Amino acid sequence: MQKLSNIFQGNQQLQQNSTTPEGVEVELNGDIFYKISDVDAMRPFFISVVSNSDHWLFVSSNGGLSAGRKNSDFALFPYYTDDKITESNENTGCKSIFLVSTDGKTFLWEPFSNRQKGIYRQTRNIYKNAFGNKVIFEEVNHDLELVFTYEWNSSEKFGFIRHSKIKNLSNKVSQVRILDGFQNILPYGVEQALQNSTSNLVDAYKKCELEEDFGLGIYSLSAIIVDKAEPSEALKANIVYSVGLNSPIRLISSLQLDSFRSGNIVTQERDIRAE
């Protein structure tokens, strides 16, 4: 277990990232992208990601998003206006937290979060390809000499796909504890009007389960929310799963994020209700 006293957040002095955004075309993996460097120096703006199926995804340049299939009544994340989506980037959508151990010290790094604004010398970039069906978020941490990227695209068979990676830019060895995933996933059956008018009731009915044999996160309602004196079972669910890491500890809620930030060991969650 890491001791809290051994966790440092970068340098003692706040860093000033006084840079000017710049746009340029680049080629990545055979695909043409438009890259905006130092995107955090701009006001947040909205980006749409298209698909050749019924997927829709709207994401703010600061990471806040909503996505789903068919229409807003089949959302995977709460469907709000763009200002609310932008303001909810800390608790809705992607969340990545790293504990980086190097030179005998452990550093807390939370990419794309304003929680650590000014702590590190950093560069944030956004890439969108020419077809409009891929968007990449990138943060370069110049102090820790690490770069973290994640890409959004979609698949008719697998739904929404987020591919993330962390890369060491230096020759020195760093050990990294990784917490990476999504927050505020909606259960199936929550229509836009229901989420906007009675979101607290949605939380009360929410049921999060982990199928441990396959690492499958299942998000459903304990019952369909109706104003009638009749049984109404919830027989469908939204699901999430990941590949790429050996024997990960899986969380199905945000309850242990602060514990991870403090360097504590988190425990796998199997059944969470009303969160």
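**Entry 1: terms and model**

I took buried to mean under 20% relative accessible area, exposed to mean over 50%, and partly exposed to mean in between, with a 1.4 Å probe and protein chains only. This is a predicted model, so I kept in mind that local features need pLDDT of at least 70 and side-chain atom pairs count only at pLDDT 80 or more, while totals for chains, interfaces and linings use all residues. Residues are numbered from 1 along each chain as its sequence is written, and side-chain values use heavy atoms, with hydrogens and water left out.

**Entry 2: a nonpolar patch**

I looked up Phe 158 and found that Phe 158 is partly exposed, with a relative accessible area of 49%. Phe 158 sits in the loop between strand S11 (146-155) and strand S12 (159-168). I noted that strands (E, at least two residues) and helices (H or I, at least four) are DSSP runs, numbered from the N terminus.

Phe 158, Ile 161, Tyr 241 and Val 243 make a nonpolar surface patch of about 430 Å². Patches are made of residues with over 30% relative accessible area and no salt bridge; like charges are joined within 9 Å, and nonpolar side chains (Val, Leu, Ile, Met, Phe, Trp, Tyr) within 5 Å. Accessible areas come from the Shrake-Rupley method with a 1.4 Å probe, and for residues only the protein chains shown count as cover.

**Entry 3: cavities**

How many cavities of 30 Å³ or more does the structure hold? I found 3 of them. A cavity is a set of points, on a 1 Å grid over the protein atoms alone, where a 1.4 Å probe fits but cannot get out; lining residues have an atom within 4 Å of a point. Grid points are joined across faces, edges and corners, and a volume is the space filled by probe spheres set on the points.

The largest cavity has about 110 Å³ of space. I read through its lining, which includes Asn 62, Asn 89, Glu 90, Lys 95, Phe 112, Tyr 150 and Arg 162. Strand S7 (residues 93-102) gives the most to this lining, with 3 residues. By kind, the lining of the largest cavity has 4 nonpolar, 5 polar and 3 charged residues. Here Ala, Val, Leu, Ile, Met, Phe, Trp, Tyr, Cys and Pro count as nonpolar, Asp, Glu, Lys and Arg as charged, and the others, Gly among them, as polar.

**Entry 4: positive phi**

Most residues other than glycine have a negative phi. Asp 38 has a phi near 55 degrees, and Asp 103 has a phi of about 55 degrees.

Is Asp 38 buried or exposed? Asp 38 counts as buried, at 12% relative accessibility, and lies in the loop between strand S3 (31-37) and strand S4 (46-49). Asp 103 counts as exposed, at 65%, and is in the loop between S7 and strand S8 (105-109).

Gly 104 is also in the loop between S7 and S8, and counts as exposed at 84% relative accessibility. I checked Gly 104 against Ser 174, 70 residues apart along the chain, and their C-alpha atoms are separated by 10.0 Å.

**Entry 5: salt bridges**

A salt bridge is a side-chain nitrogen of Lys or Arg within 4 Å of a carboxyl oxygen of Asp or Glu. By this rule I have 15 salt bridges.

I looked up the pair of Glu 156 and Arg 69, with 3.3 Å from N to O. This pair links distant parts of the chain, 87 residues apart: Glu 156 is in the loop between S11 and S12, and Arg 69 is in strand S6 (residues 65-69). Arg 69 is partly exposed, with a relative accessible area of 24%.

Arg 273 pairs with Asp 271, the closest N and O atoms being 2.8 Å apart. Arg 273 is partly exposed at 46%, and Asp 271 is partly exposed at 42%.

Which residues are linked in a network of salt bridges? They are Glu 90, Lys 95, Glu 110, Arg 115, Asp 258 and Arg 261.

**Entry 6: two distances**

Val 59, in strand S5 (residues 55-60), is buried, with a relative accessible area of 0%. The C-alpha atoms of Val 59 and Asn 168 are separated by 27 Å. Asp 31, in strand S3, is buried at 13%. From Asp 31 to Glu 230 the C-alpha separation is 53 Å.

Notes:
On a 1 Å grid over the protein atoms alone, a cavity is a set of points where a 1.4 Å probe fits but cannot get out, and a pocket is an open set with protein on both sides within 12 Å along at least five of seven lines; lining residues have an atom within 4 Å of a point.
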